[in-house]
Structure formats: C-alpha cells, structure tokens
Amino acid sequence: MDQASQLRDKIKMQPPKPHLARVITVTSGKGGVGKSSISVNLALQLSRLGKKVIILDADFGLANVEVMLGIRPRYTLADLMFRGKELNEIITTGPEQIGFISGGSGIQELSNLSKEQIVNLTGSLYVLDELADYVIIDTGAGISDAVLEFVTSCSEVLLVATPEPTSITDAYALLKTLNKRSEYSTEHTAIKMIANRVGSREEGKALFDKLSVVVNKFLQLKVEFLGAIPMDNSVPKALMQQKPFSLAYPKSEASRAVAELAAILDGHVEEEDKEQKGIKELFSNVIRTRFRKKQV
C-alpha cells in the first residue's frame, strides 16, 4: 500500500469533528440603542441565507425579544435547569423558522446549580450545538456581571452604539470595564461594532473612528467596524406592529443594511485563534466564572 492510500485510510478512521454552533453575543453600553432589534433581525436575515438560527434572550427581567417576535414562550431556560423540561421543549419556533429561548430566571440562577444540574445543563446544550448553525445571545445593556460574563466567554461579540453622546461614552465604559477583567482575552474574543440609527455608512464609520481613537489610546483591546444601520421610519412602525422590520418592511433601508451585515458575518471565517467553541463551552465558562466569584 502506498503512502497516499495509508493517509486516506488514516483520515477515514478519524472520528468526524462535532458540529458547533457559531455563537454571537450582541451587547451595548446602554439601553435603547436597538440591540434586541438587531439581534432579532440579524437572526431572520441569517435564516434567509439558509442557516438554522436560535436566539437566546439573556436580558433577565425584560422580554424585548418576545415582544418583537410577537410570541410568548411556554417554557424558559429555568424550566430546563430546574423543572425537568427537555431542550426541544423550551425552544419556541418564531417567524421564518428561527428558534427562540427565553432566559427567564435561568440566567441569573446559573451560579446556584449543583454538580448534577451543571452536567445536565451542559449535556442538553450540546444538543443545541447540533441543532443550530448560529446561536445569537441578546444580553442586557450596561456593565453588569451578567452581561460581562457572556461577553468574556464568547469568541464573537457585536457592540451596538448610536450617535448619541451617552451611547458612545457608555460603550467605552463597557469596553473599559471589560479590559480590566482577568478572564477577558483579546486573543480569543473578537469585538465588532455596529453603528445604529446613523445617516449613512460614512457617518457610522466616523462614529466608530471616534470610539476607536480612545480605545486604542487607553485600552489593551481591539474593536473592528462591522457596519452601519441607517435611521429608518420603518423600524418604529414595525415595533408598533410587534413585528421585526425585516418581516414588516423587507425592502426598507434598515432591512437591506441588516441583510448586508448578515452576509458579511456569514462569509467571515474566524481566525484560527478565535475558533468557535460552541454554546456548551460558552455556558461552561460563564458557570465557572460565577463559581469563582462565589468562592472569593
């Protein structure tokens, strides 16, 4: 047998790599900048590209995602963790076949799990890696521990900001706080900014440049510019209808802009040092971080 045949046989014997969902955390320095709207519409646009997408609403205490989708989930992550529900039972099917998981009180209670509950949770989430191509985590706004734990545990983060001065200062405050956390690694987390409600892509880039100058001067982390979403009257109109604007007004400027962002993300290949690790490892990291804090 020649060397080429031996190599082919060796490759055949190797077990296939497990399918891992690409996990994207969407966050912001302050509320009211359109973070949840971007999460939902990005999920819809990725679904239109033929991807299986599940949104996890990790904004405890609020129900922005379910309001925008116009659906009320029967079960939440807490039902999976504490009430014996299976993963498929807590995934609500939304428009265009996107999936949706409400965090409920489960996000806040992650640090109170027993060893058996942790094993059961991470085992269930392994199935989620197989079910989805993308898992979009919509965090709360600001610099709470719950937000920062997801940001530091994820390899890909979208930071949403608007031209309002308070949005920029709060986005910087989030990055500054993140920069101080020992568990954050710029080598393993890519942060990309989305400029929302701007007059043009050029204005969005100028907004990013303003933030980037300060970040480069004072912080040891890197932020990239992903793109911009224009100010569009169809967005508040869709919100009043309890529909994502990508559904209510699919030809609007905002819809086209988010479709472009989805295409950029889907065509982007992560660098080797930012390899996707899936939703199971992300939650394992979040749980480990919370347990360390409890022990201090």
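Contact here means heavy atoms within 4.5 Å. The model shown in these views is predicted.

**Figure 1. The protein chain holds 13 helices and eight strands.** The chain has 296 residues, and 51% of them count as buried. Its accessible surface comes to about 14,500 Å², and carbon and sulfur atoms account for 53% of that surface. If contacts between residues at least 6 apart in sequence are taken, 82% of them join residues at least 24 apart.

**Figure 2. Ser 47 sits in helix α2.** This helix covers residues 35–48. Is Ser 47 buried or exposed? Ser 47 counts as buried because its relative accessibility is 16%, and the cut-off for a buried residue is under 20%. Apart from neighbours within four places in sequence, the residues in contact with Ser 47 are Val 53, Glu 96 and Ile 98. One of these, Val 53, is itself a buried residue of strand β2.

**Figure 3. Eight strands form an open sheet with mixed pairing.** The strands follow the order β3-β4-β2-β5-β1-β6-β7-β8. Which strands stand at the edges? They are β3 (92–93) and β8 (223–230); each has a single partner strand, so one side of each is left without a neighbour in the sheet. Strands of a sheet pair through backbone hydrogen bonds, and the pairing is either parallel or antiparallel.

**Figure 4. Strand β2 is joined to β4 and to β5.** Strand β2 (residues 53–58) runs parallel to β4 (residues 99–102), and four bridges join them. Within this pair, Ile 55 has Phe 100 of β4 as its bridge partner. Strand β2 also runs parallel to β5, with six bridges between the two. Here Leu 56 is found opposite Ile 137 of β5.

**Figure 5. Both faces of β2 are covered.** In a regular strand the side chains alternate between the two faces of the sheet. On one side of β2 are Val 53, Ile 55 and Asp 57, and on the other are Ile 54, Leu 56 and Ala 58. How many of the residues of β2 are buried? The count is six of its six residues.

**Figure 6. Helices α8 and α9 pack at an angle of about 35 degrees.** Two packed helices are described by the angle between their axes and the distance between the axes. For α8 (residues 165–180) and α9 (residues 201–218), the axes are 11 Å apart, and the crossing is right-handed. From α8, the residues Ile 168, Ala 171, Tyr 172 and Leu 175 meet Leu 207, Leu 211, Val 214, Val 215 and Phe 218 of α9. What kinds of residue make up this contact? Nine are nonpolar, none is polar and none is charged.

**Figure 7. Tyr 126 is located in helix α6.** Helix α6 covers residues 115–131. Tyr 126 counts as partly exposed because its relative accessibility is 32%. Along the chain, Tyr 126 and Glu 281 are 155 residues apart, while their C-alpha atoms are separated by 8.8 Å.

Terms used: Residues are numbered from 1 along each chain as its sequence is written. This is a predicted model: local features need pLDDT of at least 70, side-chain atom pairs count only at pLDDT 80 or more; totals for chains, interfaces and linings use all residues. Side-chain values use heavy atoms; hydrogens and water are left out. Axes are lines fitted to C-alpha atoms, for helices over the stretch in contact, and angles run from 0 to 180 degrees between N-to-C directions. A crossing is left-handed if the near helix is turned anticlockwise from the far one by less than a right angle, and right-handed if clockwise. Ala, Val, Leu, Ile, Met, Phe, Trp, Tyr, Cys and Pro count as nonpolar, Asp, Glu, Lys and Arg as charged, and the others, Gly among them, as polar. Buried means under 20% relative accessible area, exposed over 50%, partly exposed in between (1.4 Å probe, protein chains only). Accessible areas come from the Shrake-Rupley method with a 1.4 Å probe; for residues, only the protein chains shown count as cover. Two strands pair if DSSP finds at least two bridges between them.
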